[in-house]
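Please examine the sequence and the structure shown below before reading on.

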Amino acid sequence: MDTALVGIVMGSQSDWPTLRGAAEILDELGIAHEARIVSAHRTPDRLWDYGRKAAGRGLRVIVAGAGGAAHLPGMMASKTRLPVIGVPVETRALGGLDSLYSIVQMPRGFPVATMAIGASGAVNAGLMAAQILALSDPALAERLDAWRTALSASIPEVPADD
Ligand code: RP5
């Protein structure tokens, strides 16, 4: 197994159905990654440890998803200089607006690149991580270009009836 370049962290097992979208796109693009449950509130020491060691272990980008009081992406960003891409997980109570506001409104100095709420946000987080890595990986840049071209080609110009 190659050393993971992207760390996907989430606050709970219940976030995995959403965050899996990031893992799948990274698989598709041939990017080594790992997934871990790291909760800002339930396992703060694990979060500290993960953030402190992330760069030294060879990770280049972190995708962090959480729902509700979603402090994980911001706290992770405070512990590592690696780019952190935040995914607001949809919530039953507030539809994920709570997650979005918790993640997006960072104080000056510790940015989190915040994606859309839910599944689209997770896939885009994987793509954003790939785009960052492609800056220094020409082979990946080619795979990414091909992926984007295929997506464009799959969009019909004329809408079909049901
Ligand atoms: C957050 O609380 C997690 O990120 C999750 O989205 C939410 C609910 O967690 P569970 O109660 O389902 O474990 O920490």
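## Ligand surroundings and helix packing

A polar backbone atom of G67 lies 3.0 Å from an oxygen atom of the ligand. The model in which this distance was computed is a predicted one. In S12, a polar side-chain atom is 2.6 Å from a ligand oxygen atom. In D15, an N or O atom of the side chain is 2.6 Å from an oxygen atom of the ligand. Which residues surround the ligand? They are G11, S12, S14, D15, R42, A66 and G67.

The table lists their axis distances and angles.

| Helix pair | Axis distance | Angle |
|---|---|---|
| Helix 2 (residues 44-53) and helix 3 (residues 72-79) | within 8 Å | roughly 45 degrees |
| Helix 5 (residues 119-134) and helix 6 (residues 138-153) | 8 Å | about 140 degrees |
| Helix 1 (residues 16-28) and helix 5 | within 7 Å | roughly 30 degrees |

**Helix 1 and helix 5.** The axes of these helices cross at roughly 30 degrees. Because angles under 35 degrees count as roughly parallel, helix 1 is described as roughly parallel to helix 5. The crossing of helix 1 and helix 5 is right-handed. From helix 1, the residues T18, L19, G21, A22, I25 and L26 meet A119, A122, V123, G126 and L127 of helix 5. This contact of helix 1 with helix 5 comprises eight nonpolar and three polar residues, with no charged residues.

**Helix 5 and helix 6.** Helix 5 also packs against helix 6, at an angle of about 140 degrees. That angle makes helix 5 oblique to helix 6. Is the crossing of helix 5 and helix 6 left-handed or right-handed? It is left-handed. Helix 5 contributes L127, A130, Q131, L133 and A134 to the contact, while helix 6 contributes L140, A141, L144, W147 and R148. By class, the residues in the contact of helix 5 with helix 6 are eight nonpolar, one polar and one charged.

**Helix 2 and helix 3.** The axes of helix 2 and helix 3 cross at roughly 45 degrees, which makes helix 2 oblique to helix 3. Their crossing is right-handed. On the side of helix 2, the contact involves L47, W48, Y50, G51 and R52, and these meet L72, M75, M76 and K79 in helix 3. The residues of the contact of helix 2 with helix 3 are six nonpolar, one polar and two charged.

Terms used. Residues are numbered from 1 along each chain as its sequence is written. This is a predicted model: local features need pLDDT of at least 70, side-chain atom pairs count only at pLDDT 80 or more; totals for chains, interfaces and linings use all residues. Side-chain values use heavy atoms; hydrogens and water are left out. Axes are lines fitted to C-alpha atoms, for helices over the stretch in contact, and angles run from 0 to 180 degrees between N-to-C directions. Helices (H or I, at least four residues) and strands (E, at least two) are DSSP runs, numbered from the N terminus. Angles under 35 degrees count as roughly parallel, over 145 as roughly antiparallel, 65 to 115 as roughly perpendicular and the rest as oblique. A crossing is left-handed if the near helix is turned anticlockwise from the far one by less than a right angle, and right-handed if clockwise. Contact means heavy atoms within 4.5 Å. Ala, Val, Leu, Ile, Met, Phe, Trp, Tyr, Cys and Pro count as nonpolar, Asp, Glu, Lys and Arg as charged, and the others, Gly among them, as polar. A residue is near a molecule or strand if one of its heavy atoms lies within 4 Å of it. A polar contact is a pair of N or O atoms within 3.5 Å; within protein, one must be able to donate a hydrogen and the other to accept it, and residues adjacent in sequence count only if both atoms are side-chain atoms.
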